[in-house]
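Colleague: I'm new to this one. Could you walk me through it and tell me what the terms rest on?

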Amino acid sequence: MKHLTRTLSAIGLLAAAAAASDSFAVPLVLQQNQDLGTDGKDTRVIISTDIDGDGDLDVFIGNWGQDNIVYRNRGNASFETVPPQAINNDGGFTFDAAWGDMDGDGDQDLAVANGQGTNNGLYENLHGKIPQATEGRFEKVTTGPVVTDGGETYGVAWGDVDNDGDLDLAFANKLSPNLLYLNDGVGHFTKVTTGPQSTDVGPSRDAKFADLDGDGDVDLMFANSNDTPNFVYFNQGGLQGGSVGQFVRHTGDALATDAHASRDMSANDWDGDGDLDLFVCNEGDESNDVYLNDGDGTFTKLTGIAAASDGGKSFAAAWGDVDGDGDDDLFVANREESDFMYMNVGGTLQKVTGHPVVQTVGNSRHAQFADFDQDGSCDLVVANTIGEDNLFWRNSKSPWTNLGHNYPSSDYHALLSGSGTLEPAKVATYYVDGAPPSAQAFWVIGTSEIDAPFRGGTLVPAPDVVVAGLATKPSGKLDFAIKWPATLPSGLVLYHQFWFLDASSPTGFSSSNGMAGTNP
């Protein structure tokens with residue numbers, strides 16, 4: 001493509017005059033014009049996995065009193081909704097959901113915790129069984145105890161309780177004993193009816209598995225509300241010398257006796273000492289709780305830090321290495337107040353105060369860190385309730401940032417995204433979806449952002465380089481890969497946008513969003 005070769009030469013000439021980009025302690029940028037963040041529902045859980053086996057992370061959103069939603073990742077952190085099927089056309093009252101390969105076929109199945117008297121859900125991913133199921137096809141499981149028990153279930157988790165190589169299933173119940181099911185290896189479950197984990201009554205709001213004592217088997221936790229101590233059960237295999245899959249409730253320290261309105265328990269080795277510490281989200285206008293693992297499954301309550309004194313209406317915690325320094329940082333989803341975020345600095349959690357991620361008061365219920373654009377950095381999705389849009393925070397350590405200012409026509413809404421990197425001599429790929437079909441396209445590239453009125457829309461980049469001679473496919477897509485010049489300096493920011501001849505627009509033109517690409 002001769003015009004691309006000329007473009008690369010022009011970009012090389014522009015590079016010398018470009019200034020270095022700013023760096024931020026919290027490299028998260030809110031993404032606009034993304035389907036993932038514009039479907040305002042009453043969302044209670046947001047989780048990701050590769051449902052269709054194409055190598056990128058798709059997203060399931062569990063809603064209260066509404067159909068759930070599945071978003072397919074098109075390979076570059078741009079999302080589209082999956083057509084209705086069992087997994088997202090089963091309107092109910094979803095509180096929680098978790099991915100796990102229940103039948104050992106290599107793809108991810110889904111367990112859903114439901115309230116309001118509805119049964120819990122179990123959905124089998126057919127991707128590994130039906131070759132044409134490229135978008136991730138699911139079949140609802142209609143028999144067995146998992147889908148006939150329940151009624152007021154708030155949490156769900158997968159874990160190999162008995163060390164037999166398959167995933168077992170736990171559910172947290174608010175008004176009745178919690179539920180534990182053993183898997184036979186092909187997705188058939190047997191309910192466990194003995195042991196404290198199956199007879200203690202919460203009310204429980206969250207279920208998690210984690211190897212808290214480091215002995216090679218998973219232990220089980222339930223977060224309890226209504227001033228009831230949380231339940232921590234140690235698996236009696238390994239360190240305990242008993243039978244794997246049998247549980248004994250933890251006693252004897254603050255973790256076992258503290259009684260609050262807990263909504264979530266998460267385990268993470270944030271201090272880097274080789275064992276899993278615990279963070280507990282409390283919702284009843286109380287501080288959250290931090291417990292340091294002493295290395296053998298006993299815990300010391302930590303005080304005197306912001307993470308242990310902040311609180312109010314915290315519902316869920318998410319861990320991820322946002323700044324790429326090798327340790328996990330912490331995000332806390334709050335209702336009716338700003339969310340919390342703590343950066344891990346040498347094993348200590350430092351509160352973030354001056355970033356947009358913690359400056360908006362909303363109604364967050366859940367969050368997850370994941371690399372949605374496959375650039376090696378941790379992005380963040382946040383689930384919001386009461387009709388508020390969910391949030392997609394893209395890591396600006398990614399070279400690509402969506403700047404918005406899409407100029408759609410009545411028929412077309414073009415979305416520009418990128419993958420790869422702007423590093424010298426490396427390959428980057430541009431993707432355009434939703435543009436006018438078989439239309440002449442113009443690629444505008446600049447070293448500054450001008451956001452100027454143009455043809456009824458907004459021209460985002462300065463038109464330092466304009467590439468003509470491109471055209472969209474009959475599908476309205478346009479994509480191509482280019483190799484950057486070896487002379488690009490570190491910190492160079494290039495701004496991009498595509499404009500199209502569009503007969504359905506009153507001005508004869510429409511445009512994609514603007515996008516910034518940064519050379520690390």
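Colleague: How much space lies in the largest pocket?

Modeller: About 790 Å³. This is a predicted model, where local features need pLDDT of at least 70, side-chain atom pairs count only at pLDDT 80 or more, and totals for chains, interfaces and linings use all residues. Residues are numbered from 1 along each chain as its sequence is written, and side-chain values use heavy atoms, with hydrogens and water left out.

Colleague: Which residues lie nearest the centre of the largest pocket?

Modeller: Asp206, Lys208, Asp264, Ala317 and His366, out of 34 lining residues. Strand 16 gives the most to that lining, with six residues.

Colleague: Why is Thr385 called buried?

Modeller: Buried means under 20% relative accessible area (1.4 Å probe, protein chains only). Thr385 has 1%, so it counts as buried. Thr385 sits in the loop between strand 33 (379-384) and strand 34 (391-395). Neighbours within four places in sequence aside, its contacts (heavy atoms within 4.5 Å) are Lys41, Asp42, Thr43, Arg44, Arg335, Asn363 and Arg365.

Colleague: What makes strand 43 largely enclosed by the rest of the structure?

Modeller: Eight of its nine residues, in the run 493-501, are buried, so the rest of the structure largely encloses strand 43.

Colleague: How do you know that strand 43 and strand 44 pair?

Modeller: Two strands pair if DSSP finds at least two bridges between them. Strand 43 and strand 44 (residues 509-511) have three, in the antiparallel sense. Trp499, for one, has Ser511 as its bridge partner in strand 44. Strand 38 (residues 440-446) is also antiparallel to strand 43, joined by six bridges.

Methods: On a 1 Å grid over the protein atoms alone, a cavity is a set of points where a 1.4 Å probe fits but cannot get out, and a pocket is an open set with protein on both sides within 12 Å along at least five of seven lines; lining residues have an atom within 4 Å of a point. Grid points are joined across faces, edges and corners, and a volume is the space filled by probe spheres set on the points. Helices (H or I, at least four residues) and strands (E, at least two) are DSSP runs, numbered from the N terminus. Buried means under 20% relative accessible area, exposed over 50%, partly exposed in between (1.4 Å probe, protein chains only).
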